[in-house]
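Here's a walk through a two-chain model, going from the overall build down to a few individual residues. Have the viewer open as you read.

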Amino acid sequence: MKELEYPFDAEQILQKKKKLRRQLLESGAQFTDKRIAILGGSTTNDIKLILELFLLDYGIRPIFYESEYNQWYQDAMFENTELETFAPDIIYIHTTNRNITTYPCLSDDAKTVDDMIAGEMEKFQSVWKHLAETYHCPVIQNNFEMPYYRLLGNRDASDIHGAVNFLTRLNMEFYVYAQTHENFYICDINYISADYGLKKWADPFYYHMYKYALSVPAIPYLALNVANIIKSLFGKNKKGFVLDLDNTLWGGVIGDDGPENIVLGPEESEGQAYLEFQRYIRRHKELGIILCVDSKNEEENALLGLKHSDGALRPEDFVMITANWEPKDRNFREIADSLGLLPESLVFVDDNPAERHIVTEQIKGVRAPEIRTVHEYIGVIDRSGFFETTVLSKDDLKRNEMYKENVERKKLQESFADYHEYLLSLEMKAVIKGFEPVYMARIAQLTNKSNQFNLTTKRYTQAEIESVAEDDRYITLYGKLLDRFGDNGVVSVVIGRVEGEICHVDLWIMSCRVLKRDMEFAMMDALIKKCMERGVKKIRGYYYPTAKNAMVREFYALQGFTKVSEDEAGNTEWVFTIPRKYANKTDVIKVEG
Amino acid sequence: MTREEIYAKLNEVFQDVFDDDTITVNDATTADDIEDWDSLEHINLIVAVENAFGVKFNMGQVNGMKNVGEMVDIIQEKV
């Protein structure tokens with residue numbers, strides 16, 4: 001929703017929040033319901049209401065538990081049947097420097113101050129541990145914003161008695177905990193408040209009047225950040241950039257001006273700003289963010305621009321470079337298709353409002369930030385939080401390579417007339433086994449990220465995945481696929497629940513980057529093998545339609561299942577009777593199991 | 001700014017904050033007259049009014065307002 005896209009008008013969001021909420025709920029979007037507990041150390045009412053808007057905009061419909069005023073500690077630590085029944089998917093602890101019990105006095109010695117730090121840490125850590133043990137869900141914890149005043153002036157930062165020093169030390173301790181504990185995430189209000197302007201953020205008017213620890217007009221900025229962490233945890237991050245060239249990655253029009261005259265490089269101010277932007281974009285590769293080009297240009301000119309000696313980006317940094325005179329929305333769709341990604345998982349970066357308009361109008365859900373002028377590009381994109389990083393997996397770091405390999409595979413495919421021959425030429429090997437500890441995080445991530453090749457769209461937390469893996473009633477399978485171009489990592493997950501002689505397929509997902517590689521048949525072969533070992537006679541499959549999973553509507557038919565029922569909503573049930581002698585469905589993948 | 005002009009703008013603010021296009025306020029309007037006007041919503045109203053008129057209220061003024069008329073008095077003084 002335009003009103004909620006950064007840079008937004010915070011006052012308008014606050015003033016019109018009821019109307020915005022209504023519009024979001026009536027938009028016809030499909031929502032995932034999530035239960036979110038807010039444990040506050042100050043008033044949280046509007047934080048909750050504005051957070052709801054941002055989450056709805058991300059397709060997450062929150063159901064809230066909100067602690068009574070400043071009851072965060074009691075709610076977390078003491079018996080709380082209400083919260084237990086609520087069973088949160090996420091807990092957000094909104095504490096601030098207003099919740100520090102005691103600050104050092106000038107007469108305190110170093111040991112006393114150390115003890116005070118340890119005391120605060122013990123309080124917080126006991127809460128985090130207790131929550132992790134009781135609720136097994138991700139916890140988002142504010143760090144501390146800097147204090148509103150500095151008794152010692154600038155010395156407050158370096159002196160052990162200074163509040164600035166004290167809060168900085170506590171923040172460092174919080175980070176150590178975050179680095180050493182899973183499912184624990186810092187909401188960096190220290191940065192957000194600085195970015196907003198601490199003087200305005202901490203305006204004491206709002207605390208004295210309403211016990212808000214931050215000024216009310218700052219709430220949308222906090223809420224956006226919390227929403228970004230939450231949507232990231234539920235796999236709703238964007239996956240790549242689709243970038244324009246002229247006046248986006250360099251100044252000027254390369255087709256008219258020639259490569260020697262485009263504005264790029266350290267020689268003058270604007271060129272320097274474009275260079276800095278190129279560096280910023282390039283760094284996203286480290287995060288596994290895919291880079292593509294969608295430009296109205298001759299391809300030859302596009303490449304000349306990307307080979308400019310003063311640029312930071314090179315043609316090989318991009319997974320796809322599309323430069324032609326077709327409408328940009330058409331190219332955009334084609335890029336998404338060839339990568340096997342949903343178009344809305346790509347962010348469109350273009351300086352031209354008309355191009356942004358056509359892409360966002362034609363393709364629902366695509367974000368095209370209003371990047372303004374070149375020195376503002378980074379600021380707008382960065383604060384939008386498209387790629388909020390909650391977990392850094394090795395797979396993420398390799399993703400760019402993997403998509404590039406896919407483009408190579410496509411080239412190879414074009415050289416084969418027979419598809420089966422092509423598949424054989426890929427020399428595919430798969431590892432298909434029951435869930436193993438090293439892959440639990442990746443498996444949980446996949447269940448939350450896969451939307452298209454997902455039969456039941458059932459989401460699992462890591463804790464749930466671990467418990468399913470240990471439970472004898474379940475057959476679990478993960479599939480990892482390698483080929484001559486590289487390792488695709490874990491790309492498919494199946495969970496079957498065995499009841500008597502029937503195995504119910506609760507979950508069947510596959511990453512779209514391995515579509516049409518017969519991996520789904522290799523998985524079925526493996527599932528049937530496991531079923532036969534356990535004396536299972538029949539497999540029941542379920543398909544529940546969503547806005548995104550139409551591609552697997554006939555999945556079970558393709559696998560040789562028979563449809564047994566279909567309701568008005570299009571939910572279908574399928575059955576497969578395992579024959580005494582089963583012949584594997586695919587011979588193009590060598591399976592190790 | 002005349003009182004009428006202030007009221008025209010103020011009505012828009014109230015309609016937005018309470019998401020009800022039928023609301024019109026006058027000198028005598030108080031929190032009792034508008035269903036959703038509770039203490040938590042009051043803060044939003046204050047922020048929205050401040051923003052709409054480019055004014056800032058102090059704590060004494062916010063605490064002392066008995067009705068919308070008194071709010072308009074303060075706005076009139078400030079703009």
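Helices here are DSSP runs of H or I at least four residues long, and strands are runs of E at least two long, both numbered from the N terminus. Keep in mind that this is a predicted model.

**The two chains**

With those terms in hand, chain B is quickly described: reading from the N terminus, its elements go α-α-α-α. Its radius of gyration is 11 Å, close to the 12 Å that the globule rule gives for 79 residues, so chain B is as compact as a globular protein of that length.

Chain A has 23 helices and 17 strands. The radius of gyration of chain A comes out at 27 Å, close to the 25 Å from the globule rule for 593 residues, so this chain too is as compact as a globular protein of its length.

Here are the overall figures for each chain.

| Chain | Quantity | Value |
|---|---|---|
| Chain A | C-alpha span along principal axes | about 85 × 70 × 45 Å |
| Chain B | C-alpha span along principal axes | about 30 × 25 × 20 Å |
| Chain A | Buried residues | 42% of 593 residues |
| Chain B | Buried residues | 22% of 79 residues |
| Chain A | Contacts at least 24 apart, among those at least 6 apart | 71% |

Chain A is split into three pieces: domain 1 covers 2-233, domain 2 covers 240-384 and domain 3 covers 426-592. Between the C-alpha centres of domain 1 and domain 3 of chain A, the distance is 39 Å.

**Where the chains meet**

How many residues does each chain put into the contact? Chain A supplies 15 residues and chain B supplies 12. On the chain B side, the elements giving two or more residues are α1 (3-17), α2 (39-53) and α3 (59-64) of chain B. Of these, α2(B) gives the most, with 6 residues. Sorted by class, the side of chain B that touches chain A has 8 nonpolar, 2 polar and 2 charged residues.

**A helix with two sides**

Back in chain A, take a look at helix α16 (residues 353-362). Its buried residues are A:Glu355, A:Arg356 and A:Val359. They cover an arc of only 100 degrees around the axis, which puts them on the same side of α16(A). The background is simple geometry: an α-helix has 3.6 residues a turn, so residues three or four places apart point the same way. The buried residues of α16(A) pack against α15 (328-339) and β9 (346-349) of chain A. Turn to the other side of α16(A) and you find A:Pro353, A:Ala354 and A:Glu361 exposed.

**An enclosed strand**

Of its 5 residues, 4 are buried, so β8(A) is largely enclosed by the rest of the structure. Strand β7 (residues 290-296) of chain A pairs with β8(A) in the parallel sense, over 5 bridges. To find the pairing in the viewer, pick A:Asp294, whose bridge partner in β8(A) is A:Thr322.

**Two buried residues up close**

A:Phe174 sits in helix α7 (residues 163-180) of chain A. Buried or exposed? A residue needs 20 or more other C-beta atoms within 10 Å to be called buried. A:Phe174 has 23 C-beta neighbours inside 10 Å, so A:Phe174 counts as buried. Setting aside neighbours within four places in sequence, A:Phe174 is in contact with A:Gln141, A:Asn143 and A:Ile186. As for A:Asn142, it is 32 residues from A:Phe174 in sequence, with 9.3 Å between their C-alpha atoms.

A:Val491 belongs to strand β12 (residues 486-499) of chain A. This residue counts as buried because A:Val491 has 26 C-beta neighbours inside 10 Å. Beyond its neighbours within four places in sequence, the contacts of A:Val491 include A:Lys480, A:Leu481, A:Met510, A:Val514 and A:Met519. A:Gly479 is also in contact with A:Val491. Those two are 12 residues apart in sequence and 5.9 Å apart in space, C-alpha to C-alpha.

Key: Residues numbered from 1 in each chain as written. Chains lettered and ligands numbered in written order. Predicted model: local features only at pLDDT ≥ 70, side-chain atom pairs only at ≥ 80, totals over all residues. Buried ≥ 20, exposed ≤ 12 C-beta atoms within 10 Å, placed from the backbone. Arc of directions from axis to C-beta. Contact = placed C-beta atoms within 7 Å. Nonpolar A, V, L, I, M, F, W, Y, C, P; charged D, E, K, R; others polar. Domains from an automatic or database assignment. Rg over C-alpha atoms; globule rule 2.2 N^0.38 Å. Pairing = 2+ DSSP bridges.
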